[in-house]
Amino acid sequence: MEVAIIMGSDSDWGVMKKAVELLNEFGVDVELTVASAHRTPERVKEFVTSCNEKDAKIFIAAAGCAAHLAGVVASYTTKPVIGVPINAEPLKGWDSLLSTVQMPSGVPVATMAINGAKNAALFATEILALQDEKLQKKLADYRANMVKEVESKAEYVKRAFAETKK
């Protein structure tokens, strides 16, 4: 297993599914669980410890509200931890963002945007690609496809705009 994903609640799956799908697309081996930093702290510790023993290389932790999950995960590992703040209302994810990004010195967590699961997967893949030429190629191809998609969309809008002038 290369990436261990932990979500604070099953309600986070709607956001985190995008990360899992993208990691699968890149051929990155993933393990996933639901465990709460506040409601099931022992489960969090057991998952992180187990993944460390299985030689997980990166952790992605997603949580909403008082999103302390990424910090708790980081306290149990020296591997990179990527936090994904989840918009869990009523503060539209700002509480999650601040809880994740404001880590004390010495316990770093890379923090993505609110609901930034896709970028978390890409960032994890970039870290793994530092020592994997096949992943480097897949990432380069992914970026090249993004360019093609934007160019195609720009061409579509250009044609649609031209039609408005007729």
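This report describes salt bridges in a predicted model.

## Overview

The structure holds six salt bridges. Three of them are described below: K17 with E21, K79 with D55, and E126 with R143.

## A pair within helix 1

K17 and E21 are joined through their side chains by a salt bridge, with an N to O distance of 3.8 Å. Both residues belong to helix 1, which covers residues 13-25. They are four residues apart, about one turn of the helix.

K17 has a relative accessibility of 38% and is therefore classed as partly exposed. E21 is also partly exposed, its relative accessible area being 43%.

## A pair between two loops

A salt bridge connects K79 and D55, whose closest N and O atoms are 3.7 Å apart. This pair links distant parts of the chain, 24 residues apart. K79 is in the loop between helix 3 (69-75) and strand 4 (81-86), while D55 is in the loop between helix 2 (41-53) and strand 3 (58-64).

K79 is partly exposed at 24% relative accessibility. That value falls in the partly exposed class because buried means under 20%. D55 is partly exposed as well, at 44%.

## A pair between helices 5 and 6

The side chains of E126 and R143 form a salt bridge at 3.0 Å, N to O. E126 is part of helix 5 (residues 117-129) and R143 is part of helix 6 (residues 133-164), so the contact ties together parts that are 17 residues apart in sequence.

E126 counts as partly exposed, with a relative accessibility of 32%.

Key:
Residues are numbered from 1 along each chain as its sequence is written. This is a predicted model: local features need pLDDT of at least 70, side-chain atom pairs count only at pLDDT 80 or more; totals for chains, interfaces and linings use all residues. Side-chain values use heavy atoms; hydrogens and water are left out. A salt bridge is a side-chain nitrogen of Lys or Arg within 4 Å of a carboxyl oxygen of Asp or Glu. Buried means under 20% relative accessible area, exposed over 50%, partly exposed in between (1.4 Å probe, protein chains only).
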